[in-house]
Amino acid sequence: MNDALPLITQPDLSGKRILTRVDFNATTNADDRIIDSFKIKENAPTINYIAKKKTKIILLSHRSSVVQDGKKITPSFKPLIGQIENLLKHRITLLDPLDLAQAQKIIKRANFGEIFFFDNTRLHPAEVKADIQHAKALAKLGDVLVYDAFASYRPETTTVVLPRFLPTYIGFTMQQEMKMLSAIFKKPRRPLVCIIGGAKTEVKVGIVRKFLQFADTIVLGGSVANTFLTAWGIHLGASLVDHDMVATARDLLWQALHSRVALELPHDFIVGKAGQANVLALHHTQIASSYAAFDIGPATRKRYQSIISRAGTIVWNGPMGKYEDRLFRAGTLSVLDAIIQARGKKIVGGGDTITSLPKRKRKALDHVSTGGGAMLVFLESGTTPPIEAIKKYGS
Ligand code: ADP
Ligand code: MG
(Lines give C-alpha, C1' and ligand atoms only; values in the text may rest on other atoms or scores of the structure.)
(Ligands and ions follow the chains in the order given, each with its own letter.)
Protein backbone atom coordinates (compact mmCIF):
# COMPACT_ATOMS: atom_id res chain seq x y z
CA MET A 1 0.00 0.00 0.00
CA ASN A 2 1.35 3.36 -0.95
CA ASP A 3 1.24 6.24 1.46
CA ALA A 4 3.88 8.42 -0.12
CA LEU A 5 1.93 10.46 -2.64
CA PRO A 6 3.01 14.12 -2.89
CA LEU A 7 1.03 16.16 -0.36
CA ILE A 8 -0.54 19.58 -0.81
CA THR A 9 1.74 21.06 1.86
CA GLN A 10 4.87 20.45 -0.28
CA PRO A 11 4.64 23.02 -3.08
CA ASP A 12 4.52 26.78 -2.88
CA LEU A 13 0.98 27.51 -4.02
CA SER A 14 1.02 31.28 -3.81
CA GLY A 15 0.24 33.18 -6.98
CA LYS A 16 -1.06 30.01 -8.65
CA ARG A 17 -4.33 28.78 -10.07
CA ILE A 18 -5.20 25.54 -8.23
CA LEU A 19 -7.50 23.08 -9.96
CA THR A 20 -8.92 21.12 -7.04
CA ARG A 21 -10.81 17.85 -7.62
CA VAL A 22 -13.22 17.44 -4.72
CA ASP A 23 -16.22 15.15 -4.21
CA PHE A 24 -19.34 17.22 -3.58
CA ASN A 25 -21.59 14.37 -4.71
CA ALA A 26 -23.59 14.67 -1.49
CA THR A 27 -26.89 12.95 -0.81
CA THR A 28 -29.78 15.24 -1.81
CA ASN A 29 -33.55 14.86 -1.74
CA ALA A 30 -36.02 15.35 -4.59
CA ASP A 31 -36.12 19.11 -3.88
CA ASP A 32 -32.33 19.42 -4.23
CA ARG A 33 -31.78 19.94 -0.51
CA ILE A 34 -28.51 18.46 0.71
CA ILE A 35 -29.56 15.94 3.35
CA ASP A 36 -26.06 14.75 4.15
CA SER A 37 -23.26 17.28 3.83
CA PHE A 38 -20.54 14.97 5.20
CA LYS A 39 -18.55 14.73 1.95
CA ILE A 40 -18.54 18.49 1.34
CA LYS A 41 -17.46 19.23 4.91
CA GLU A 42 -14.65 16.69 4.66
CA ASN A 43 -13.15 18.63 1.72
CA ALA A 44 -13.33 21.97 3.58
CA PRO A 45 -9.89 21.76 5.32
CA THR A 46 -8.14 21.29 1.96
CA ILE A 47 -10.11 24.14 0.39
CA ASN A 48 -9.41 26.42 3.37
CA TYR A 49 -5.73 25.57 3.28
CA ILE A 50 -5.51 26.55 -0.40
CA ALA A 51 -7.67 29.64 0.12
CA LYS A 52 -5.32 30.97 2.80
CA LYS A 53 -2.46 31.07 0.29
CA LYS A 54 -2.59 33.74 -2.41
CA THR A 55 -4.38 31.52 -4.96
CA LYS A 56 -7.30 31.21 -7.30
CA ILE A 57 -9.12 27.95 -6.54
CA ILE A 58 -11.07 26.16 -9.23
CA LEU A 59 -13.11 23.30 -7.78
CA LEU A 60 -14.22 20.32 -9.86
CA SER A 61 -16.71 17.62 -8.85
CA HIS A 62 -19.14 15.23 -10.44
CA ARG A 63 -22.72 14.77 -9.30
CA SER A 64 -24.40 11.39 -9.89
CA SER A 65 -27.29 11.07 -12.28
CA VAL A 66 -30.81 11.34 -10.89
CA VAL A 67 -34.08 9.94 -12.15
CA GLN A 68 -36.67 12.57 -13.08
CA ASP A 69 -40.05 11.55 -14.54
CA GLY A 70 -38.67 8.10 -15.22
CA LYS A 71 -35.66 9.50 -17.12
CA LYS A 72 -32.02 9.48 -16.06
CA ILE A 73 -30.51 12.97 -16.16
CA THR A 74 -27.13 14.51 -15.34
CA PRO A 75 -28.01 17.17 -12.76
CA SER A 76 -26.51 20.63 -12.38
CA PHE A 77 -24.97 21.84 -9.14
CA LYS A 78 -26.83 25.18 -9.57
CA PRO A 79 -29.62 24.49 -7.04
CA LEU A 80 -26.99 23.47 -4.44
CA ILE A 81 -24.66 26.48 -4.72
CA GLY A 82 -26.18 28.51 -1.87
CA GLN A 83 -26.04 25.48 0.40
CA ILE A 84 -22.42 24.73 -0.57
CA GLU A 85 -21.49 28.38 0.10
CA ASN A 86 -23.01 28.11 3.58
CA LEU A 87 -21.10 24.91 4.28
CA LEU A 88 -17.76 26.31 3.06
CA LYS A 89 -18.49 29.77 4.52
CA HIS A 90 -17.18 31.24 1.30
CA ARG A 91 -18.72 32.75 -1.85
CA ILE A 92 -18.22 30.65 -4.97
CA THR A 93 -18.64 31.44 -8.65
CA LEU A 94 -20.08 28.72 -10.86
CA LEU A 95 -18.31 28.02 -14.17
CA ASP A 96 -19.71 26.23 -17.22
CA PRO A 97 -17.75 23.03 -18.00
CA LEU A 98 -18.92 23.28 -21.62
CA ASP A 99 -17.33 26.71 -22.17
CA LEU A 100 -13.70 26.53 -21.07
CA ALA A 101 -12.71 29.65 -23.05
CA GLN A 102 -15.19 31.74 -21.11
CA ALA A 103 -14.07 30.11 -17.84
CA GLN A 104 -10.47 31.01 -18.63
CA LYS A 105 -11.42 34.68 -19.12
CA ILE A 106 -13.34 34.80 -15.85
CA ILE A 107 -10.49 33.20 -13.90
CA LYS A 108 -7.95 35.56 -15.48
CA ARG A 109 -9.91 38.65 -14.41
CA ALA A 110 -10.43 37.35 -10.86
CA ASN A 111 -8.59 38.40 -7.71
CA PHE A 112 -6.55 35.98 -5.68
CA GLY A 113 -8.68 34.46 -2.92
CA GLU A 114 -11.68 33.84 -5.15
CA ILE A 115 -13.19 30.35 -5.36
CA PHE A 116 -14.59 29.02 -8.63
CA PHE A 117 -16.55 25.85 -9.10
CA PHE A 118 -17.14 24.04 -12.35
CA ASP A 119 -20.68 22.76 -12.63
CA ASN A 120 -21.04 18.93 -12.68
CA THR A 121 -18.00 17.63 -14.57
CA ARG A 122 -20.21 14.98 -16.19
CA LEU A 123 -22.21 17.68 -18.01
CA HIS A 124 -19.29 17.53 -20.45
CA PRO A 125 -19.71 14.34 -22.52
CA ALA A 126 -15.93 13.68 -22.53
CA GLU A 127 -15.69 13.50 -18.72
CA VAL A 128 -16.75 9.87 -18.40
CA LYS A 129 -14.56 8.84 -21.36
CA ALA A 130 -11.21 9.52 -19.66
CA ASP A 131 -10.39 11.77 -22.59
CA ILE A 132 -6.90 13.15 -23.27
CA GLN A 133 -7.98 16.23 -25.28
CA HIS A 134 -10.51 17.26 -22.64
CA ALA A 135 -7.93 16.81 -19.91
CA LYS A 136 -5.42 18.96 -21.80
CA ALA A 137 -8.02 21.70 -22.25
CA LEU A 138 -8.89 21.65 -18.53
CA ALA A 139 -5.21 21.60 -17.54
CA LYS A 140 -4.74 24.98 -19.28
CA LEU A 141 -6.93 26.56 -16.60
CA GLY A 142 -4.62 25.66 -13.71
CA ASP A 143 -0.98 25.61 -12.67
CA VAL A 144 -1.35 22.82 -10.10
CA LEU A 145 -3.86 20.00 -9.53
CA VAL A 146 -4.90 19.07 -6.00
CA TYR A 147 -6.74 15.74 -5.74
CA ASP A 148 -8.91 15.35 -2.67
CA ALA A 149 -11.81 13.28 -4.00
CA PHE A 150 -11.17 9.87 -2.43
CA ALA A 151 -14.76 8.77 -3.13
CA SER A 152 -14.41 9.58 -6.87
CA TYR A 153 -12.60 6.43 -7.90
CA ARG A 154 -14.06 5.69 -11.31
CA PRO A 155 -11.68 6.32 -14.21
CA GLU A 156 -12.85 9.60 -15.76
CA THR A 157 -11.10 12.63 -17.29
CA THR A 158 -10.79 14.63 -14.06
CA THR A 159 -9.88 11.58 -11.95
CA VAL A 160 -7.27 9.67 -13.95
CA VAL A 161 -6.23 11.76 -16.97
CA LEU A 162 -5.87 15.28 -15.58
CA PRO A 163 -2.92 14.28 -13.32
CA ARG A 164 -0.89 13.62 -16.48
CA PHE A 165 -0.91 17.27 -17.45
CA LEU A 166 -0.37 19.16 -14.18
CA PRO A 167 1.87 18.82 -11.15
CA THR A 168 -0.45 16.90 -8.81
CA TYR A 169 -0.68 16.78 -5.01
CA ILE A 170 -3.18 15.08 -2.72
CA GLY A 171 -5.31 16.90 -0.15
CA PHE A 172 -5.99 16.10 3.49
CA THR A 173 -9.01 13.83 2.90
CA MET A 174 -7.00 11.61 0.57
CA GLN A 175 -4.14 11.52 3.04
CA GLN A 176 -6.37 10.58 5.97
CA GLU A 177 -8.39 7.96 4.04
CA MET A 178 -5.27 6.21 2.76
CA LYS A 179 -3.63 6.29 6.18
CA MET A 180 -6.63 4.93 8.10
CA LEU A 181 -7.60 2.28 5.55
CA SER A 182 -4.02 1.05 4.99
CA ALA A 183 -3.57 0.72 8.75
CA ILE A 184 -6.14 -2.09 8.79
CA PHE A 185 -3.63 -4.33 7.05
CA LYS A 186 -0.53 -3.16 8.88
CA LYS A 187 -0.52 -5.00 12.19
CA PRO A 188 -4.17 -4.44 13.14
CA ARG A 189 -5.20 -5.03 16.74
CA ARG A 190 -6.88 -8.42 16.76
CA PRO A 191 -9.40 -9.87 16.61
CA LEU A 192 -10.08 -8.06 13.32
CA VAL A 193 -13.83 -8.15 12.73
CA CYS A 194 -15.26 -7.21 9.34
CA ILE A 195 -19.02 -6.55 9.15
CA ILE A 196 -20.58 -6.56 5.69
CA GLY A 197 -24.22 -5.83 4.94
CA GLY A 198 -26.35 -3.94 2.45
CA ALA A 199 -27.71 -5.02 -0.88
CA LYS A 200 -24.99 -4.73 -3.52
CA THR A 201 -23.75 -8.29 -3.11
CA GLU A 202 -21.84 -8.17 -6.36
CA VAL A 203 -19.55 -5.38 -5.10
CA LYS A 204 -19.31 -6.79 -1.56
CA VAL A 205 -18.13 -10.32 -2.33
CA GLY A 206 -14.67 -9.00 -3.23
CA ILE A 207 -14.17 -7.68 0.26
CA VAL A 208 -15.44 -10.92 1.79
CA ARG A 209 -12.88 -12.79 -0.30
CA LYS A 210 -10.09 -10.42 0.76
CA PHE A 211 -10.96 -10.57 4.46
CA LEU A 212 -11.17 -14.38 4.34
CA GLN A 213 -7.39 -14.16 4.04
CA PHE A 214 -6.88 -11.58 6.69
CA ALA A 215 -9.66 -11.09 9.24
CA ASP A 216 -10.50 -13.19 12.28
CA THR A 217 -14.26 -12.94 11.91
CA ILE A 218 -16.52 -11.86 9.05
CA VAL A 219 -20.06 -10.93 10.07
CA LEU A 220 -22.75 -10.78 7.39
CA GLY A 221 -26.12 -9.05 7.39
CA GLY A 222 -28.61 -7.46 5.01
CA SER A 223 -29.37 -8.86 1.61
CA VAL A 224 -25.73 -10.01 1.32
CA ALA A 225 -26.40 -12.47 4.16
CA ASN A 226 -29.63 -13.60 2.47
CA THR A 227 -27.61 -14.50 -0.63
CA PHE A 228 -25.09 -16.51 1.43
CA LEU A 229 -27.87 -18.33 3.31
CA THR A 230 -29.54 -19.16 -0.01
CA ALA A 231 -26.21 -20.58 -1.21
CA TRP A 232 -26.28 -22.78 1.88
CA GLY A 233 -29.65 -24.14 0.85
CA ILE A 234 -31.83 -22.15 3.25
CA HIS A 235 -35.13 -20.82 1.86
CA LEU A 236 -35.85 -17.27 2.85
CA GLY A 237 -39.30 -16.81 1.30
CA ALA A 238 -39.65 -13.53 -0.58
CA SER A 239 -36.44 -12.02 0.87
CA LEU A 240 -34.15 -9.94 -1.31
CA VAL A 241 -31.53 -12.36 -2.68
CA ASP A 242 -29.04 -11.71 -5.47
CA HIS A 243 -29.54 -14.93 -7.42
CA ASP A 244 -26.69 -14.15 -9.81
CA MET A 245 -24.30 -14.19 -6.86
CA VAL A 246 -25.43 -17.42 -5.19
CA ALA A 247 -22.73 -19.54 -6.85
CA THR A 248 -20.02 -17.05 -5.83
CA ALA A 249 -21.40 -17.01 -2.29
CA ARG A 250 -21.28 -20.82 -2.19
CA ASP A 251 -17.64 -20.76 -3.29
CA LEU A 252 -16.83 -18.28 -0.51
CA LEU A 253 -18.66 -20.43 2.07
CA TRP A 254 -16.47 -23.30 0.93
CA GLN A 255 -13.33 -21.17 1.29
CA ALA A 256 -14.45 -20.11 4.76
CA LEU A 257 -14.78 -23.77 5.78
CA HIS A 258 -11.14 -24.29 4.91
CA SER A 259 -9.86 -21.10 6.51
CA ARG A 260 -9.22 -20.03 10.08
CA VAL A 261 -11.73 -17.20 9.68
CA ALA A 262 -15.15 -17.48 11.30
CA LEU A 263 -17.92 -16.51 8.87
CA GLU A 264 -21.01 -15.46 10.83
CA LEU A 265 -24.51 -15.57 9.32
CA PRO A 266 -27.82 -14.47 10.87
CA HIS A 267 -29.86 -17.12 12.77
CA ASP A 268 -33.09 -15.17 12.99
CA PHE A 269 -34.76 -12.26 11.25
CA ILE A 270 -37.35 -9.56 11.51
CA VAL A 271 -39.77 -10.67 8.85
CA GLY A 272 -42.54 -8.75 7.09
CA LYS A 273 -44.95 -8.86 4.19
CA ALA A 274 -45.30 -6.13 1.59
CA GLY A 275 -47.89 -3.57 2.70
CA GLN A 276 -48.24 -4.98 6.22
CA ALA A 277 -47.05 -3.12 9.28
CA ASN A 278 -46.88 -6.10 11.64
CA VAL A 279 -43.58 -7.87 11.81
CA LEU A 280 -42.37 -11.10 13.35
CA ALA A 281 -39.07 -12.30 14.71
CA LEU A 282 -38.49 -15.72 13.17
CA HIS A 283 -35.82 -18.38 12.98
CA HIS A 284 -34.48 -18.76 9.46
CA THR A 285 -36.21 -22.13 9.03
CA GLN A 286 -39.65 -20.63 9.64
CA ILE A 287 -39.98 -18.04 6.89
CA ALA A 288 -43.07 -18.67 4.73
CA SER A 289 -42.83 -18.05 1.00
CA SER A 290 -44.78 -14.77 0.99
CA TYR A 291 -42.69 -13.21 3.78
CA ALA A 292 -39.33 -11.48 3.53
CA ALA A 293 -36.45 -11.05 5.97
CA PHE A 294 -35.87 -7.32 6.30
CA ASP A 295 -33.57 -7.17 9.32
CA ILE A 296 -31.53 -9.41 11.60
CA GLY A 297 -33.49 -10.79 14.58
CA PRO A 298 -32.89 -10.43 18.34
CA ALA A 299 -30.77 -13.58 18.79
CA THR A 300 -28.49 -12.54 15.92
CA ARG A 301 -28.24 -8.98 17.29
CA LYS A 302 -27.06 -10.38 20.59
CA ARG A 303 -24.48 -12.64 18.99
CA TYR A 304 -23.15 -9.88 16.72
CA GLN A 305 -22.94 -7.45 19.64
CA SER A 306 -20.88 -9.91 21.62
CA ILE A 307 -18.46 -10.49 18.70
CA ILE A 308 -18.08 -6.74 18.20
CA SER A 309 -17.50 -6.07 21.90
CA ARG A 310 -14.41 -8.31 21.86
CA ALA A 311 -12.93 -6.92 18.62
CA GLY A 312 -9.58 -5.15 18.45
CA THR A 313 -10.34 -3.63 15.05
CA ILE A 314 -13.77 -3.27 13.42
CA VAL A 315 -14.43 -2.54 9.75
CA TRP A 316 -18.10 -1.98 8.88
CA ASN A 317 -19.74 -1.52 5.48
CA GLY A 318 -23.43 -2.04 4.75
CA PRO A 319 -26.61 -1.87 6.85
CA MET A 320 -27.96 -5.05 8.51
CA GLY A 321 -31.41 -4.58 6.97
CA LYS A 322 -33.87 -2.25 5.26
CA TYR A 323 -32.88 0.50 7.69
CA GLU A 324 -34.81 3.24 5.83
CA ASP A 325 -37.97 1.71 7.33
CA ARG A 326 -38.28 2.33 11.07
CA LEU A 327 -39.54 -1.24 11.56
CA PHE A 328 -36.32 -2.69 10.19
CA ARG A 329 -33.71 -0.39 11.71
CA ALA A 330 -32.98 -2.11 15.02
CA GLY A 331 -30.37 -4.51 13.63
CA THR A 332 -28.29 -1.75 12.03
CA LEU A 333 -28.55 0.45 15.13
CA SER A 334 -27.61 -2.42 17.45
CA VAL A 335 -24.45 -3.04 15.39
CA LEU A 336 -23.65 0.68 15.46
CA ASP A 337 -24.15 0.92 19.23
CA ALA A 338 -22.02 -2.17 19.80
CA ILE A 339 -19.26 -0.64 17.66
CA ILE A 340 -19.41 2.65 19.56
CA GLN A 341 -19.20 0.87 22.92
CA ALA A 342 -16.42 -1.48 21.82
CA ARG A 343 -12.82 -0.70 22.75
CA GLY A 344 -11.49 -1.65 19.31
CA LYS A 345 -10.54 0.70 16.51
CA LYS A 346 -13.64 1.60 14.50
CA ILE A 347 -13.65 2.15 10.73
CA VAL A 348 -16.93 2.65 8.90
CA GLY A 349 -17.84 3.45 5.30
CA GLY A 350 -20.51 3.11 2.60
CA GLY A 351 -23.13 5.48 1.21
CA ASP A 352 -26.12 3.95 2.96
CA THR A 353 -24.07 2.94 5.97
CA ILE A 354 -23.20 6.60 6.63
CA THR A 355 -26.77 7.73 6.00
CA SER A 356 -27.91 5.21 8.62
CA LEU A 357 -25.60 6.76 11.26
CA PRO A 358 -27.23 9.38 13.44
CA LYS A 359 -24.90 12.40 13.00
CA ARG A 360 -24.10 12.81 16.69
CA LYS A 361 -22.79 9.23 16.81
CA ARG A 362 -20.22 9.68 14.04
CA LYS A 363 -17.74 11.35 16.37
CA ALA A 364 -17.41 8.12 18.34
CA LEU A 365 -15.86 6.38 15.33
CA ASP A 366 -12.14 6.49 14.52
CA HIS A 367 -12.71 6.86 10.81
CA VAL A 368 -15.78 7.43 8.67
CA SER A 369 -14.79 6.96 5.04
CA THR A 370 -16.17 9.33 2.42
CA GLY A 371 -16.00 6.44 -0.02
CA GLY A 372 -18.51 3.65 -0.46
CA GLY A 373 -17.31 1.87 -3.57
CA ALA A 374 -13.91 3.58 -3.23
CA MET A 375 -13.40 2.23 0.27
CA LEU A 376 -14.20 -1.31 -0.89
CA VAL A 377 -11.89 -1.03 -3.91
CA PHE A 378 -9.08 0.38 -1.74
CA LEU A 379 -9.47 -2.32 0.91
CA GLU A 380 -9.55 -5.01 -1.74
CA SER A 381 -6.63 -3.86 -3.85
CA GLY A 382 -4.73 -1.28 -1.79
CA THR A 383 -5.30 1.39 -4.38
CA THR A 384 -7.83 3.10 -6.68
CA PRO A 385 -7.52 4.28 -10.31
CA PRO A 386 -6.90 7.97 -9.36
CA ILE A 387 -4.26 6.95 -6.79
CA GLU A 388 -2.52 4.92 -9.50
CA ALA A 389 -2.65 7.88 -11.90
CA ILE A 390 -1.16 10.23 -9.30
CA LYS A 391 1.52 7.67 -8.44
CA LYS A 392 2.46 7.38 -12.08
CA TYR A 393 2.20 10.99 -13.19
CA GLY A 394 1.86 13.02 -9.96
CA SER A 395 4.38 15.72 -9.24
P1 ADP B 1 -23.83 0.84 1.29
O2 ADP B 1 -24.33 2.01 0.47
O3 ADP B 1 -23.66 1.23 2.73
O4 ADP B 1 -22.62 0.22 0.71
P5 ADP B 1 -25.70 -0.91 -0.04
O6 ADP B 1 -25.96 0.15 -1.06
O7 ADP B 1 -25.04 -2.15 -0.46
O8 ADP B 1 -24.97 -0.27 1.24
O9 ADP B 1 -27.10 -1.39 0.57
C10 ADP B 1 -28.00 -0.53 1.19
C11 ADP B 1 -29.42 -0.93 0.85
O12 ADP B 1 -29.62 -2.27 1.20
C13 ADP B 1 -30.45 -0.14 1.63
O14 ADP B 1 -31.29 0.54 0.71
C15 ADP B 1 -31.22 -1.20 2.41
O16 ADP B 1 -32.61 -0.95 2.47
C17 ADP B 1 -30.97 -2.43 1.59
N18 ADP B 1 -31.14 -3.67 2.37
C19 ADP B 1 -30.30 -4.17 3.30
N20 ADP B 1 -30.78 -5.31 3.80
C21 ADP B 1 -31.94 -5.56 3.16
C22 ADP B 1 -32.92 -6.63 3.24
N23 ADP B 1 -32.78 -7.66 4.07
N24 ADP B 1 -33.99 -6.55 2.41
C25 ADP B 1 -34.13 -5.50 1.56
N26 ADP B 1 -33.26 -4.49 1.45
C27 ADP B 1 -32.17 -4.52 2.25
MG1 MG C 1 -25.66 2.24 -1.19
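Predicted model: local features only at pLDDT ≥ 70, side-chain atom pairs only at ≥ 80, totals over all residues.

Residues are numbered from 1 along each chain as its sequence is written, chains are lettered from A and ligands numbered from 1 in the order in which they are written, and side-chain values use heavy atoms, with hydrogens and water left out.

Around ligand 1 there are 21 residues, counted as near if a heavy atom lies within 4 Å. Ala199, Lys204, Glu324, Asp352 and Thr353 come nearest.

Now polar contacts, meaning pairs of N or O atoms within 3.5 Å. A polar side-chain atom of Glu324 is 2.5 Å from an oxygen atom of ligand 1. For Lys204, a side-chain N or O atom is 2.7 Å from a ligand oxygen. Gly351 has a polar backbone atom 3.4 Å from an oxygen atom of ligand 1.

On to strand 17, residues 313–317; strands here are DSSP E runs of at least two residues, and helices are H or I runs of at least four. How many of its residues are buried, that is, under 20% relative accessible area with a 1.4 Å probe, protein chains only? Five of five. Thr313, Val315 and Asn317 point one way, and Ile314 and Trp316 the other.

Strand 17 pairs in parallel with strand 11 over five bridges, pairing requiring at least two DSSP bridges. Val315 is the bridge partner of Cys194. Strand 18 runs parallel to strand 17, joined by four bridges.

Definitions and conventions: Polar contact = N/O pair within 3.5 Å; in protein donor to acceptor, adjacent residues only side chain to side chain. Buried < 20%, exposed > 50% of the residue type's maximum accessible area, 1.4 Å probe, protein only.
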